[in-house]
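Colleague: I have a structure to learn before class. Please walk me through it, and keep it simple.

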Amino acid sequence: MRTVQSRRRFLMVAAAGAAGTVGSARRSAVAQESNDRADGLDRLPDAIGLEPVTDELAFPLAVEFAPDADRRYVAERDGRIRVHESDGLRDELLLDLRETVLSGGERGLLGMVLHPEFGDNRRLFVHFSAPRRSGTPQEFDHTGILAAFEASADGRRVKRDSSRVVLEIPQPADFHNGGGLAFGPDGYLYVGIGAGGGGGGGGQDVTTDFLGSVLRIDVDERAADRAYTVPDDNPLVGRDGLDEYYAWGFRNPWRLSFDGEDCYVADVGESDYEEVNLVEKGGNYGWNVREGTQCFKADDCPERTADGVRGGERFRDPIIEYPHPPADTAVSGVSVIGGYVYRGTALPALEGAYVFGDFVPSGRLFAAVPSDDGLWPTTAVRVTDGATPERLISFGQDGDGELYALGAGGDGGGVFRIVPTQ
């Protein structure tokens, strides 16, 4: 198991991923569906290009676009948030957390998002690893921090002493920490948190901690005892469980995004399968009972939790699932990298497709089209023009709906606009 865990630590650039009878039957169906360019896949492009926006970065894992200027903010895992404008990267950082952020393993600066009204209030939020804080169990590895900052009027630096801790998340291990952040159309902040390492970990216990979850909180209001409030309609308000939960049963949600009211969460698998979920309020996505639609360390896959566990709630299936090598399919990989639904104009053939990728060497891009019947048809999209990062790490989307791939190594770590081939 240690070998699997080491390979799965997909935020380490130096790193390269037993179902029973039910899993075996489903595996061939997944491979066939992924390989067959039908059911809408025939309209998708076979190849795209990657146009460098900047290739002077080490390990970029989030990019946000200023709504009122030709400016991009790029978060690097070591704790820096860089400012990129029309003339390139500025020497002055928006924010430097290198003396605060704990690195090593998959720890570091893991997520960043601008407030929806950033043009007016200049607020941004970051999710990073820090040394154990008071209240974190001694046997735990570190504390995850969700913090808010305020930028200057020109949007080029964070104001001194503007830092405010919003939430602390004790983390038992230095991997499977999640870290993705996104604001939904409801104005609330959604936070992806990993299950905390190992083949088991969190995911099903919603009463003790936040591990293996997507949280939803209101960061525009403050309660007497915390720097946020909980929306009244969160699914566990008034029930057994922590009020901040929005959905649970995740292993390591790596990137989450919205398309209208639809919330997409990519969840990194353990041994055999990767998955993407269309997340619903109160949904249980199966970890650590299931890995995607497959059994996890069991001969059969229950459809519901055990009797007495929140009323035997139903496990939700992913919309996308693909196997690890050596599966005989073009859509395979070791660690899913969540993306976005394409809403731009540069690549009309991608309109409405969910574009995402995998961390395998040289990166791998995929596109999936919606389906009302089971798993979404998914295909690989070749990169034939431009740079080829050694590792795909994350994605971004600008205000026009165009997509960006973030990568490390290879021709240079940086931010690359997804464009048509020449």
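**Working through the model**

Colleague: Buried or exposed: what is Cys 301?
Modeller: Cys 301 is buried, with a relative accessible area of 12%. Buried means under 20% relative accessible area, exposed means over 50%, and partly exposed is in between, using a 1.4 Å probe and protein chains only.

Colleague: Before we go on, what kind of model is this?
Modeller: This is a predicted model, where local features need pLDDT of at least 70, side-chain atom pairs count only at pLDDT 80 or more, and totals for chains, interfaces and linings use all residues. Residues are numbered from 1 along each chain as its sequence is written, and side-chain values use heavy atoms, with hydrogens and water left out.

Colleague: Back to the cysteine. What does Cys 301 join?
Modeller: Cys 301 and Cys 295 form a disulfide, with an S to S distance of 2.3 Å. The rule asks for a pair of cysteine sulfur atoms within 2.5 Å. The count by that rule is one disulfide.

Colleague: Which hand does the disulfide have, and why?
Modeller: It is left-handed, because the torsion about the S-S bond of Cys 295 and Cys 301 is about -125 degrees.

Colleague: And Cys 295, buried or exposed?
Modeller: Cys 295 is buried, at 2% relative accessible area. Cys 263 is buried too, at 1%.

Colleague: New topic. How many residues are in the largest nonpolar core?
Modeller: There are 66 residues in the largest nonpolar core. A nonpolar core is a set of buried Ala, Val, Leu, Ile, Met, Phe, Trp, Tyr and Cys residues joined through side-chain atoms within 4.5 Å. Among the members that touch the most others are Tyr 73, Leu 124, Phe 356 and Phe 395.

Colleague: What does Phe 395 touch?
Modeller: Leaving out residues up to four places away in sequence, its contacts include Ile 337, Tyr 340, Val 355, Phe 356, Leu 365 and Ile 418. Contact means heavy atoms within 4.5 Å. Another core lies apart from the largest one; it has 23 residues, including Val 113, Ala 148, Leu 215 and Leu 236.

Colleague: Now sheets. In what order do the strands of the open sheet run?
Modeller: The order of its four strands is E11-E12-E13-E14, with antiparallel pairing. Strands (E, at least two residues) and helices (H or I, at least four) are DSSP runs, numbered from the N terminus. Two strands pair if DSSP finds at least two bridges between them.

Colleague: Which strands stand at the edges?
Modeller: E11 (178-183) and E14 (245-248) do. Each has a single partner strand, so one side of each is left without a neighbour in the sheet.

Colleague: How many bridges do E13 and E14 share?
Modeller: E13 (residues 213-217) pairs with E14 over three bridges, in the antiparallel sense. Ser 213 stands opposite Trp 248 in E14.

Colleague: Where do the side chains of strand E20 point?
Modeller: In E20 (residues 320-323), Ile 320 and Tyr 322 point one way, and Glu 321 and Pro 323 the other way. All are buried. E20 also pairs with strand E17 (residues 273-279), antiparallel, over four bridges. There, Pro 323 is the bridge partner of Tyr 273.

Colleague: Salt bridges next. How many?
Modeller: The count is 27 salt bridges. Each needs a side-chain nitrogen of Lys or Arg within 4 Å of a carboxyl oxygen of Asp or Glu.

Colleague: What does Glu 51 pair with?
Modeller: Glu 51 forms a salt bridge with Arg 417, and the closest N and O atoms are 2.5 Å apart. This pair links distant parts of the chain, 366 residues apart: Glu 51 is in strand E1 (residues 47-57) and Arg 417 in strand E27 (residues 413-419). Glu 51 is partly exposed at 36%, and Arg 417 is partly exposed at 27%.

Colleague: What about Arg 226 and Glu 244?
Modeller: Their side chains meet in a salt bridge, 3.5 Å from N to O. Both lie in the loop between E13 and E14, so the pair ties together parts that are 18 residues apart in sequence. Arg 226 is partly exposed at 29%, whereas Glu 244 is buried at 6%.

Colleague: Which residues form a network?
Modeller: Salt bridges link Glu 76, Asp 78, Arg 80 and Arg 82 in a network.

Colleague: Last one. Where does Ala 349 lie?
Modeller: Ala 349 is in the loop between strand E21 (336-341) and strand E22 (354-358). Ala 349 counts as partly exposed, at 31% relative accessibility. Leaving out residues up to four places away in sequence, Ala 349 touches Arg 43, Leu 44 and Pro 45.
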